[in-house]
Structure formats: C-alpha cells, structure tokens
Amino acid sequence: MSRKQHHFKGAEVSCCVKYVLFGFNIIFWLLGAAFLGIGLWAWAEKGVLSNISSITDLGGFDPVWLFIVVGGVMFVLGFAGCIGALRENTLLLKFFSVFLGLIFFLELTAGILAFVFKDWIKDQLNFFINNNVKAYRDDIDLQNLIDFAQEYWSCCGAHGPNDWNLNIYFNCTELNPSRERCGVPFSCCIKDPAVSPAPLPYPRPAPELSQQKYINTKGCVGQFEKWLQDNLIVVAGIFVGIALLQIFGICLAQNLVSDIKAVKANW
C-alpha cells in the first residue's frame, strides 16, 4: 500500500481531524493577519514606522499595541497550525498545541489571581487609568479609547471628574493657559439630544449637584465594576467559550500528532 494513503496495518491519519484543524487555523490565521494589518496601518498613519523611537514617546497606553501583539500571536499560531495540519508536520503541530496550552494556562492563572487579588487589581486599574488621563492628548488612538470608555460607561476619570487635574490641558492651576482649564473632555458631558454638537465641558469647580446636570460625576473604575456585575454571565460565557476553543484546538492537534506517529511506527 502506498505512503500517500497513510494506511499501514490499520493505522491511518484521520482526514476529518486534519481538515477540521486546518479550517480552524485558517480562520485564526486570517484574523491574526487582519489584526496585524490594522495595527501596522495605524502605526504608519501616525508615522511610527518611519520613526521607531516615537513608540516610547507616549506616556500612556497605545491601543495599537493590542492589535500588534494579539494579531502577531494569532498569525504565528494560525500559520503553524495550518502548515502543520496540511503537511502533517509534528514539530509545527506540537509548537501550536504547546503554545496554545501556555496561553490557556496564563489566562487561567490571570483569572485566579484577579479573583484572589481583586483589591490590588483595582489599585492597578486606578493607576493605569490615571496614567492614561495624563497622556490623553498625546495620541489620537488613546484619546478615542478613553472617550469611548467614558461615553459607554457614563463615567469621568478613574474616580471622578477631578482626576482630570492630572492632565496639563484640564488642570485648574492658575498658570494653565489652556481654554480647557478646569474642564473635562466632551466624553464626560451628559449629552442633550436637543443640542448638536455636544455642549462645551462644564467647569469642575462648580458644586457637585450642579455638575451632575452637565457631566457624569461617577468614576470609570466603579462603573466598570458595576458593568461586570451586571453582565457577569455574558462575560463568563465569553471567557469559557474562548477557553473551550483553545482546548478544542489543542485536542485536535494532539490527536493528529498521535495519528501521524502511529502511521510512522508502521512504516
């Protein structure tokens, strides 16, 4: 019997497993390529690719990093899984399953640590948000991300509007020449559907009861926690779904490796 038929004394490579794994990874690979492409395009638009040193200029978090890192990992894993399944390459299949298993383990560890050290995580979230408040005007992608979060959760700053004192454009010091002095970004404002465009930010020094008529006075950390509690089932379902997909991919890869080894053992 020929080698191409992969059939020796009853051992054979399952075509079903092989092509399901290939299909699984081709989608993974294409999504990774798309994420990576978006990230590189965003960097090109901001001139980062022509001046790599500008990566370190941003004081806060550049959202493009998320696309670059996630896209790069998905691209490499998807490529290894596709070629490994199609060429029946056990080395690539093992790389795929081990790396995917490592990611799963890191996600599981992060989830457990987040539950055990939730107060520490909350402090880190406060620190992260305040750092990005400082860098709000430094990067358009960061600015859009903060605006989206503040609009979506109807919040302002980490704990409240006064967190914007950390930003050089919005702080209330007398020497601040900015026309946004003592204000907040438009995304903190309570939108009036009768007014277009959105009204100018309401100044923060006003009494809190007056502020509440014009801006959201709740902090984003508290609003995010409330959102998590309200959508706990949905969030848990998403994480469980991702975990099951990873386990499914690992099982397919290991099953295919076992089939290939069984066939080779009978040569």
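Helices and strands here are DSSP runs, helices of at least four residues and strands of at least two, numbered from the N terminus. The model is predicted.

Q: What pattern does the protein chain follow, read along the sequence?
A: The protein chain holds 8 helices and 2 strands. Read along the sequence, the pattern is β-β-α-α-α-α-α-α-α-α.

Q: What percentage of the residues of the protein chain count as buried?
A: A residue is buried when its relative accessible area is under 20%. The protein chain has 267 residues. Of these, the buried share is 34%.

Q: How much of the accessible surface of the protein chain belongs to carbon and sulfur atoms?
A: The accessible surface comes to about 16,400 Å². The part that belongs to carbon and sulfur atoms is 68%.

Q: Among contacts between residues at least 6 apart in sequence, what percentage join residues at least 24 apart?
A: A contact needs heavy atoms within 4.5 Å. Among contacts between residues at least 6 apart, the share joining residues at least 24 apart is 68%.

Q: Which element gives the most to the largest nonpolar core?
A: The largest nonpolar core has 19 residues, and Ile129, Tyr136 and Trp164 are among those with the most contacts inside it. Two or more residues come from each of α4 (118-134), α5 and α7 (220-230). With 3 residues, the element that gives the most is α5.

Q: Is Glu88 buried or exposed?
A: Glu88 lies in the loop between α2 (64-87) and α3 (90-116). Glu88 has a positive phi of about 55°, although it is not a glycine. Its relative accessible area is 13%, and the cut-off is under 20%. Therefore Glu88 is buried.

Q: Why does Cys182 count as buried?
A: Cys182 sits in the loop between α5 (140-152) and α6 (208-211). Cys182 is not a glycine, yet its phi is positive, about 65°. Cys182 counts as buried because its relative accessibility is 8%.

Q: Which element gives the most to the nonpolar patch on the surface?
A: Leu108, Ile112, Leu113, Phe115, Val116, Phe117, Trp120 and Ile121 form this patch, with about 840 Å² of accessible area together. The elements that give two or more residues to the patch are α3 and α4. With 5 residues, the one that gives the most is α3.

Q: Is Phe115 buried or exposed?
A: Phe115 belongs to the nonpolar patch. Its place is in helix α3. The relative accessible area of Phe115 is 61%, and exposed means over 50%. So Phe115 is exposed.

Q: How far apart in space are Tyr169 and Arg137, C-alpha to C-alpha?
A: Tyr169 is found in the loop between α5 and α6, and is partly exposed, with a relative accessible area of 35%. Tyr169 touches Arg137, along with Asn176, Ser178, Glu180 and Arg181, not counting residues up to four places away in sequence. Tyr169 and Arg137 are 32 residues apart in sequence. In space, C-alpha to C-alpha, they are apart by 8.3 Å.

Terms used: Residues numbered from 1 in each chain as written. Predicted model: local features only at pLDDT ≥ 70, side-chain atom pairs only at ≥ 80, totals over all residues. Heavy atoms only, no water. Buried < 20%, exposed > 50% of the residue type's maximum accessible area, 1.4 Å probe, protein only. Core = buried A, V, L, I, M, F, W, Y, C linked by side-chain atoms within 4.5 Å. Patch = residues over 30% accessible without salt bridge, like charges linked within 9 Å, V, L, I, M, F, W, Y side chains within 5 Å. Areas by Shrake-Rupley, 256 points an atom, 1.4 Å probe, with all protein chains shown as cover. Salt bridge = Lys/Arg side-chain N within 4 Å of Asp/Glu carboxyl O.
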